[in-house]
Amino acid sequence: MKIGIIVAMDKEYEQLEKVAQTIDKHQITLAKSGIGKVNAALGAQKMINEHHPDVIISTGCAGGNGDDVNVQDVVVSTELCYHDVYCGTAIDDTTVYGQVQGLPARYPVDNDLVRKALSINDKLSTLDSRPSTLTVHPGLIVTGDWFVDTKEKMRSIVEKFPEAKAVDMESCAIAQTCYINNVPFISFRVISDMPLRDTDASQYHDFWNTIADNSFEVTKNLLLAI
């Protein structure tokens, strides 16, 4: 299978490059798009045009939400939308918050990819240096051009999307691009911080300083499960 993997940042790229080099099962193309929705969409379109992948994966880190989600857990998208898009009701009163008018309110993902990604839950407790409580969660990922570094900002997002499991800056833009191009898509995000439990993004900085290496090892198992 030809798999395109898109990350946003250099440090995510470095982690995923190590992982991709260990997998012979698939033909993997890894790309760094840059941060934010426009960069992510451009990166996805370039990936599709140049490499024609069978599936595109958005991965990297994200802020988490929910009592059952913890730092180092992985959230696998079951659907995606924007938390910072509002097209109003002046022209079309059926368009909901988070929806680009004329496009889906929430972008679906490939159900078979979700099933395979969730199948690694039973394997995680046997991984070296992995806490047995680490979990892969299915759920909604919401995207916007905002690094969520305050509890107030996270609360404003959760008020509109209480069921969201992760918040990032790229996944939905890639989902939209894949939807338009009819390319199967899934996002899985390592939780680097829990904004509603954090102060001044300290969890985020600790993640990269102490546990990122172990966390991105989970990506290898996700790719092997596909």
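Arginine 115 is exposed, with a relative accessible area of 52%. In this predicted model, arginine 115 forms a salt bridge with aspartate 112, and the closest N and O atoms of the pair are 2.5 Å apart. Aspartate 112 is partly exposed, at a relative accessible area of 32%.

Eleven salt bridges are counted in the model. One of them pairs aspartate 68 with lysine 165, with 2.9 Å between the closest N and O atoms. Aspartate 68 is located in the loop between strand E3 (55-64) and strand E4 (74-82), whereas lysine 165 belongs to strand E7 (residues 164-168), so the contact ties together parts that are 97 residues apart in sequence. Aspartate 68 is partly exposed, with 40% relative accessibility, while lysine 165 is buried, with 17%.

A salt bridge also links glutamate 170 to arginine 189, where the closest N and O atoms are 3.6 Å apart. Because glutamate 170 lies in the loop between E7 and helix H6 (171-181) and arginine 189 in strand E8 (residues 185-193), the pair ties together parts that are 19 residues apart in sequence. Both glutamate 170 and arginine 189 are buried.

Strands E1 (residues 2-7) and E2 (residues 27-32) run parallel and are joined by six bridges. Isoleucine 6 has alanine 31 as its bridge partner in E2. Together with helix H1 (residues 10-20), E1 and E2 make a right-handed β-α-β unit.

Methods: Residues are numbered from 1 along each chain as its sequence is written. This is a predicted model: local features need pLDDT of at least 70, side-chain atom pairs count only at pLDDT 80 or more; totals for chains, interfaces and linings use all residues. Side-chain values use heavy atoms; hydrogens and water are left out. Two strands pair if DSSP finds at least two bridges between them. Helices (H or I, at least four residues) and strands (E, at least two) are DSSP runs, numbered from the N terminus. A crossover is right-handed if, with the strands pointing away from the viewer, the path from the first strand over the helix to the second runs clockwise. A salt bridge is a side-chain nitrogen of Lys or Arg within 4 Å of a carboxyl oxygen of Asp or Glu. Buried means under 20% relative accessible area, exposed over 50%, partly exposed in between (1.4 Å probe, protein chains only).
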